[in-house]
Amino acid sequence: MASTGGKEKETALYARHRKLGARMVPFAGYLMPLQYSGQIAEHEAVRAGLGIFDLSHMGEFRLTGAGALAAVDRLVTNRVTGTEPGQAVYSPMCLESGGIVDDLIVYHLPDSVLLVVNAANLDKDEAWVREHLPEPVAFRNESDETSLIAVQGPGTERFLAGLTTADLAAMETYTARGGTVAGVEALISRTGYTGEDGFELYVRNDRAPELWDRLLDEGRTPGITPVGLAARDTLRFEMGYCLYGNDIDETTTPLEAGLGWTVKTAKDAFIGKDALVAQKASGIPRRLVGLTPAGERVIPRKGYAIRSGNGAAGSVTSGTFAPSLSRGLAMGYVDAAHAAAGAGVTIDVRGRPEAAAVTRLPFYTRGSRKAPRKTA
Amino acid sequence: METPKDLKYTEDHEWVRLDGKTAVVGITDYAQGELGDIVFVELPGTGTEVEQGGVFGTIEAVKTVSDLMSPVSGKVVEVNGSLNDSPEHINKSPYGDGWMLKIEVTDPGELDKLMDADAYTAHVGEGH
């Protein structure tokens, strides 16, 4: 692989990935494992059993002080005040225009609020959050001290239960609690980006290699597979989960992106509220939808033009071969008037017009992830 | 990374082996590694005329798609049909079971324009 100048950072697990023969790629300023044994095999391992991921490139911001939760409520569209400690909330964070700065997870913890943001938006998010925090709320960027190991797959609870005193069975999806896993202190979060049951473990960098080694060791019997970023993308894609930079960005609103469920307009003022209320009232002009090409072997790619039945233009935002569905599929924006499931569109695939049908998301419906309890 | 000594290579990461008047063509180990898991290959039918440097097909990996360029001019005489059901041959055995086309070459001298194994290794090393 070509040298990139060596400016990328390494996670605490870099040496582990090299030893496992991972193909490393630069991603958001880090050298990350793209794949180990092969992306289709890794994808299938997560759906069938157990996969382990290094997600230490993600960003973590710690907010403390009176009013931290209320301050976050003004920054994000979803509601975080009124949640119990231990609740995690997925939310977009918007500009005044309603466009999305990032999508993130807010953890309401006993003594702090933790924001977990996309690696690619780390600097932008830090500046944005700091700019909008009231005085008494303290901000600390803990990204450089924090490692994140995710275990995902239908076998995860059974596998981890034997390695922790935390009562995993009692944890609903989108909750988190402190504990130890294989003797390593961790924030244990029942979250993930795969559509399978799973846990994400936030640990200090200096304990991450030990935890990784123990999980691989203990995982030998049930069978655990290291999974890279390539499979991470096909897993989330099959669930219709948005990827910032593809499906959502500063030019898309949560209402357009199918994230209206995260927008709690009954809340007091939050950045973007007026724009989103106005958009809802005047009509959302376009919708992010799933797209199934008529031909199984057709794989629409990001950027390909879509033409709706009424001639309106749209664009593919994510497209790939979906391993669990054995076919090409895509997500993209189409004119709202032609966004109903089954509506026919034409996608320009490298000069060839290919018929496709609007499809409800998720594409993959047999995931083991348990639905989280609905928050207000 | 494998780069067999008895083959010739193109800048776009195809390989060719001349057996008499028939050229066997595929993509290199470097190329399959860069592409990742391959899922579909679109190849021409037998009888198709191809040109050196011309596009003869498409290779779809999970995460990307790429054109295939012919290293030589001539007529396609055989296509590896096993790639339809087993495109993974290209990942696992790019110089063996992953072969793509057999071409009856118009001018064997065209191979002189291509890189040998050492030149190709250097080409890849420069980050191409």
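1. The C-alpha trace of chain B spans about 35 × 35 × 20 Å along its principal axes.

2. This is a predicted model, in which local features need pLDDT of at least 70, side-chain atom pairs count only at pLDDT 80 or more, and totals for chains, interfaces and linings use all residues. Residues are numbered from 1 along each chain as its sequence is written, and chains are lettered from A and ligands numbered from 1 in the order in which they are written.

3. Chain B contains 3 helices and 9 strands (DSSP runs numbered from the N terminus: helices are H or I, at least four residues; strands are E, at least two). Along the sequence they follow the pattern β-β-β-α-β-β-β-β-β-α-β-α.

4. In chain A, 6 strands form an open sheet with mixed pairing, ordered β11-β12-β13-β10-β4-β14; two strands pair if DSSP finds at least two bridges between them. Strands β11 (176–181) and β14 (225–226) of chain A each have a single partner strand, so one side of each is left without a neighbour in the sheet.

5. Strand β11(A) runs antiparallel to β12 (residues 184–189) of chain A, and 6 bridges join the two. A:Thr180 has A:Glu185 in β12(A) as its bridge partner.

6. The contact between the chains takes 13 residues from chain A and 9 residues from chain B (contact: C-beta atoms, placed from the backbone, within 7 Å).

Methods. Two residues are in contact if their C-beta atoms, placed from the backbone, lie within 7 Å.
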